[in-house]
Amino acid sequence: MEIEELKTKYRINEIMDRNIDEFIGISRGLIADDDVNQSEAEFLQTWIEKHFNDEELDQYPLNTIYDRLKTMLSDNILDSQEAEELKELLKSFTGEKPISEQVDSMSSVLPLCDPLPDVCIEGSTFCLTGAFTIGSRAKCEKIIHSYYGSTVKKPTLGTDYLVIGILGNAEWIHSSYGRKIEKAVELRDVKNTGIKIITEEHFIKFL
């Protein structure tokens, strides 16, 4: 029975690897012309849902791409900023643009706290924005809740931290996702609420 279970697990992993390889190929095809349109994004979402189960969709790197894609298309419109963000995310995924390059760009553009503060999760309230390498947005929220912290969808007067996913895009400041960052900056610099703006990379050091 144990051997059969191992064989089954091997076959499942083999199928998963094959689907990931195909996903990479499709992604490279979509960004070959340096542009991603709505029909291509919708095709990609449908293809992902057809070839991966819920458990697989919760694993990196699928979770980061699928979560973002689903959010972008939730209003049935892929605007120009979202299209650009999706293109850059697919470039990172396929190796066309290293994640480190995005992080360097983020560090020089986004209004992070300097110096970055210590993070106390217990009793604190967090808002998340962007795509996270450690898991889907829901998974990140569960991690925070497991450490007795709380989460909100948008920055408020009572929010302690805004955490920006490491796969974030420096162009967010001009898009719907950038609104969370803009609000957090207002709360911190204008209203002096004490909210702290940090990266996922810094956040996970305190888990």
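Trainee: Where is N76 found, in terms of helices?

Mentor: N76 is found in the loop between helix 4 and helix 5, the latter covering residues 80-94. Helices (H or I, at least four residues) and strands (E, at least two) are DSSP runs, numbered from the N terminus. This is a predicted model, in which local features need pLDDT of at least 70, side-chain atom pairs count only at pLDDT 80 or more, and totals for chains, interfaces and linings use all residues. Residues are numbered from 1 along each chain as its sequence is written, and side-chain values use heavy atoms, with hydrogens and water left out.

Trainee: How many helices and strands does the protein have, and in what order do the elements run?

Mentor: The protein has nine helices and four strands. Starting at the N terminus, the order is α-α-α-α-α-α-β-α-β-β-α-β-α.

Trainee: What is the phi of N76, and is the residue buried or exposed?

Mentor: For the second part, buried means under 20% relative accessible area, exposed over 50%, and partly exposed in between (1.4 Å probe, protein chains only). N76 has a phi near 65°, a positive value in a residue other than glycine. With a relative accessible area of 58%, N76 is exposed.

Trainee: Where is D34 found, and what is its phi?

Mentor: D34 belongs to the loop between helix 1 (2-30) and helix 2 (38-51). Its phi is positive, at about 60°, although D34 is not a glycine. The relative accessibility of D34 is 42%, so this residue counts as partly exposed.

Trainee: Which form, cis or trans, does the peptide bond from D114 to P115 take?

Mentor: Here one reads omega: the bond from D114 to P115 is cis, with omega near 0°. P115 itself is found in the loop between helix 6 (99-109) and strand 1 (125-129).

Trainee: Let us turn to a strand. Is Y161 buried or exposed?

Mentor: Y161 has its place in strand 3, which covers residues 161-164. Its relative accessible area is 4%, so Y161 is buried. For the protein as a whole, 45% of the 207 residues count as buried.

Trainee: Which residues are in contact with Y161, apart from its neighbours within four places in sequence?

Mentor: Contact means heavy atoms within 4.5 Å. On that basis, Y161 is in contact with D118, V119, C120, S124, T125, F126, C127, I195, K196 and I198. Take T125 as an example: Y161 and T125 are 36 residues apart in sequence, with 6.5 Å from C-alpha to C-alpha. In the protein, residues 24 or more positions apart account for 77% of the contacts with a separation of 6 or more.
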